[in-house]
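Please go through the briefing below alongside the sequence and the model. It begins with totals for the chain and then takes up the sheet, the helices and a few single residues.

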Amino acid sequence: MTPPDAPQNRWSDLDRPPLNVTALRRGLLRPESLWSELEVVETTGSTNSDLAERARSGGLADGTVLVAEEQTAGRGRLERSWTAPPRSGLFFSVYLEPGDDVPVERWGWVPLLAGVAAATGLAKSAGVDTALKWPNDLLVTVDGEERKAGGILGEFAGDGIVVGLGINVSLRADELPAPTAGSLALAGAVSTDRETLLRAVLRSLEHWYGEWRAAGGDAAASGLQAAYAAGCATLDRTVRAELPGGNSLVGQAVAIDGDGRLVLSTEDGLQQPVSAGDIVHLRGAAGGLT
């Protein structure tokens, strides 16, 4: 291993080789593919910010993928920062234009769709059971505990939507940003090859996006709503929703509705949909604290 005070370069950590952009393009940029452009940069502040800026200025192609070996100002939900050592994870954003085929009011499903795609793609390629915490955290199990190994952020830009994903792949225990964080490696992944994982996630995203778009953005008809619910670790738990404006709501998470909202059953018997907020798992289905 390279001494911690040695100069860093793309080959400093041989356990974390750089991505092969030529191989990725060859495997993903096919004539019939959703993906039209793929760029890998050594470092950037935020791939989401970069693509969103390009989309607003015009000329960004539908299906563009931007991958960074390192993000220095990565953003999570609620403007939380997301940082990790270079080449220790997957840090990328995609730009999608659902177009006239999908009403704009249904575009809010795209980040949830990305969550389903990431979870299913990682389950196949890494051999890790990956669950979804509503709205879009990726959870893995490390030493018997659920840990956050990734997150997803979507924002409207230009004529479409930018969706960014950050996934901890090879982070070691002493590199975790918080005790509640995890990585695919710590969860026992059978593969931490980032090219294999990235191809799997992008192909899964292409599949789910195609199904959803063909159904006019109807999450039920495309199977997306059922798939999200099936993989959602938040359902059947007592949770606290910390809502915009400082209010909170406690209830049992009972469903994901047709608009992608989390439906809580409160103590007074009401069914309350939550469209935005931070979710805290209070008790699991078996009654244990989570």
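Predicted model: local features only at pLDDT ≥ 70, side-chain atom pairs only at ≥ 80, totals over all residues.

The chain exposes about 13200 Å², an accessible area from the Shrake-Rupley method with a 1.4 Å probe, where for residues only the protein chains shown count as cover. Residues are numbered from 1 along each chain as its sequence is written, and side-chain values use heavy atoms, with hydrogens and water left out.

**The chain as a whole**

- Of the 290 residues, 50% count as buried; buried means under 20% relative accessible area, exposed over 50%, and partly exposed in between (1.4 Å probe, protein chains only).
- The secondary structure comes to five helices and 14 strands, where helices (H or I, at least four residues) and strands (E, at least two) are DSSP runs numbered from the N terminus.
- Among contacts between residues at least 6 apart in sequence, 64% join residues at least 24 apart; a contact means heavy atoms within 4.5 Å.

**The sheet**

- Seven strands form an open sheet in the order E1-E2-E5-E9-E8-E7-E6, with mixed pairing; two strands pair if DSSP finds at least two bridges between them.
- Strand E1 (37-41) and strand E6 (131-133) each have a single partner strand, so one side of each is left without a neighbour in the sheet.
- From one strand to the next, the twist averages 20°.
- E1 and strand E2 (residues 64-68) run parallel and are joined by five bridges.
- Across this pair, Glu37 stands opposite Thr64, and Leu38 stands opposite Val65.

**Strand E2 and Leu66**

- In a regular strand the side chains alternate between the two faces of the sheet.
- Thr64, Leu66 and Ala68 point one way from E2, whereas Val65 and Val67 point the other way.
- Five of the five residues of E2 are buried.
- Leu66, a residue of E2, has a relative accessible area of 3% and is therefore buried.
- Beyond residues up to four places away in sequence, Leu66 touches Glu39, Val41, Thr47, Asp50, Leu51, Phe91, Phe92 and Ser93.
- Leu66 and Ser93 are 27 residues apart along the chain, with their C-alpha atoms separated by 5.4 Å.

**Helices across the sheet**

- Helix H3 (residues 109-126) lies across strand E5 (89-96), E6, strand E7 (137-142), strand E8 (145-157) and strand E9 (160-168).
- H3 runs at about 35° to E9; axes are lines fitted to C-alpha atoms, for helices over the stretch in contact, and angles run from 0 to 180 degrees between N-to-C directions.
- Helix H4 (residues 194-214) lies across E1, E2, E5 and E9, at about 30° to E5.

**Helix pairs**

- H3 and H4 pack at about 135° with their axes 8 Å apart.
- H3 and H4 are therefore oblique to each other; angles under 35 degrees count as roughly parallel, over 145 as roughly antiparallel, 65 to 115 as roughly perpendicular and the rest as oblique.
- The crossing of H3 and H4 is right-handed; a crossing is left-handed if the near helix is turned anticlockwise from the far one by less than a right angle, and right-handed if clockwise.
- The residues that meet include Trp109, Val110 and Leu113 in H3 and Thr196, Leu197 and Ala200 in H4.
- The axes of H3 and helix H5 (residues 224-231) come within 10 Å and cross at roughly 55°, which makes H3 oblique to H5.
- Trp109, Leu112, Leu113 and Val116 of H3 make this contact with Leu224, Gln225, Ala227 and Tyr228 of H5.
- Helix H1 (residues 21-28) packs on H4 at about 30°, with the axes 11 Å apart, and this makes H1 roughly parallel to H4.

**Backbone details in loops**

- Most residues other than glycine have a negative phi, and most peptide bonds are trans.
- The peptide bond from Trp134 to Pro135 is cis, with omega near 0°, and Pro135 is in the loop between E6 and E7.
- Arg87, in the loop between strand E4 (81-82) and E5, has a positive phi near 60°.
- Arg87 is buried, with a relative accessible area of 4%.
- Asp236, in the loop between H5 and strand E10 (238-242), has a positive phi of about 70°.
- Asp236 counts as partly exposed, at 49% relative accessibility.
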